[in-house]
Amino acid sequence: MSTKQCPYCGSRIALNAVICPVCNQPVMGAPNNSFQGGGYIPNQPSNYAPPPPPVQQTYSAPVSSGQFSGINFFNEPKARVNKVTYLIINFLLGWIGIHKFLTGKPIMGILYLLLSWTFIPGICSLIDLFAAIQLRANANGDIYV
Ligand SMILES: [Zn+2]
């Protein structure tokens with residue numbers, strides 16, 4: 001049985017043992033020889049760096065790309081509005097153009113209002129509704145319509 005003596009704790013351990021199973025000291029080489037090194041570096045400084053913290057998204061402007069956001073024949077300026085509020089008003093009062101007044105489009109609003117005896121503003125406000133639904137709200141829940 002080929003064993004050797006651990007130079008650190010004196011235990012009989014396997015000859016091919018690299019680390020003493022009793023005291024966990026490196027035991028490469030013959031007994032009583034000083035450790036020659038070879039891979040095991042105690043207290044090796046850690047190169048591990050913690051990952052950077054996630055970037056906080058503080059900028060939360062609404063998505064204002066050229067995305068279609070509703071019928072706007074006269075290119076009246078877009079306004080920021082809470083998406084849920086806008087959808088409710090659009091759904092309930094869109095047929096008389098209230099959602100247009102709400103977002104600063106009085107010309108479109110008056111047009112809807114004047115035509116509210118027809119089916120046209122109803123159809124148009126439905127288009128506005130679906131246009132607004134597919135707009136992605138920002139962190140505050142706002143959209144740009
Ligand atoms: Zn030992």
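## Two asparagines in a loop

Asn75 counts as exposed, because it has 8 C-beta neighbours inside 10 Å and the cut-off for exposed is 12 or fewer. You will find Asn75 in the loop between strand 2 and strand 3. Its backbone is worth a look too: phi of Asn75 is positive, about 50°, although Asn75 is not a glycine. Please keep in mind that this is a predicted model.

Asn24 sits in the loop between strand 2 (12–14) and strand 3 as well. Here phi is near 65°, again a positive value in a residue other than glycine. Asn24 has 10 C-beta neighbours inside 10 Å, so this residue counts as exposed.

## The chain as a whole

Stepping back, the protein chain has four helices and four strands.

Of the 145 residues in the protein chain, 21% are buried. Contacts across the sequence can also be sorted by separation: among those between residues at least 6 apart, 53% join residues at least 24 apart.

## The nonpolar core

Which residues form the largest nonpolar core? There are seven: Val81, Tyr86, Ala132, Leu135, Ile143, Tyr144 and Val145. As general background, nonpolar side chains tend to be buried together in soluble globular proteins.

Setting aside neighbours within four places in sequence, Val81 is in contact with Tyr86, Leu102, Thr103, Asp142, Ile143 and Val145. Tyr86, Ile143 and Val145 are also on the list of core residues.

Helix 1 covers residues 83–93, and its buried residues are Lys83, Tyr86 and Asn90. Seen down the helix axis, these buried residues fall within an arc of 65°, so they line one face of helix 1.

What do the buried residues of helix 1 pack against? Their partners are strand 3 (80–82), helix 2, helix 4 and strand 4 (142–144). On the face turned away from the buried side, helix 1 carries the exposed residues Val84 and Leu92.

## Helix 1 meets helix 4

The axes of helix 1 and helix 4 come within 9 Å and cross at roughly 165°. Because of that angle, helix 1 is roughly antiparallel to helix 4. On the helix 1 side, the contact is made by Lys83, Tyr86, Leu87, Asn90 and Phe91. Helix 4 contributes Ser125, Asp128, Leu129, Ala132 and Ile133. The crossing of helix 1 past helix 4 is left-handed.

Another residue in helix 4 is Ile127. Ile127 has 14 C-beta neighbours inside 10 Å, so it counts as partly exposed. Although Ile127 and Gly70 are 57 residues apart along the chain, their C-alpha atoms are separated by 6.6 Å.

## Helix 3 and its neighbours

Helix 3 spans residues 106–114, where Met108, Gly109 and Tyr112 are buried. Looking down the axis of helix 3, the buried residues fall within an arc of 100°, so they line one face of the helix.

Which helices do these buried residues pack against? They pack against helix 2 (98–102) and helix 4 (120–133). Helix 2 and helix 4 are also among the elements that the buried residues of helix 1 pack against.

Note on methods:
Residues numbered from 1 in each chain as written. Predicted model: local features only at pLDDT ≥ 70, side-chain atom pairs only at ≥ 80, totals over all residues. Core = buried A, V, L, I, M, F, W, Y, C linked by C-beta atoms within 7 Å. Buried ≥ 20, exposed ≤ 12 C-beta atoms within 10 Å, placed from the backbone. Contact = placed C-beta atoms within 7 Å. Arc of directions from axis to C-beta. Axes fitted to C-alpha atoms, helices over the stretch in contact; angles between N-to-C directions. Parallel < 35°, antiparallel > 145°, perpendicular 65-115°, else oblique. Left-handed = near helix turned anticlockwise from the far one by under 90°.
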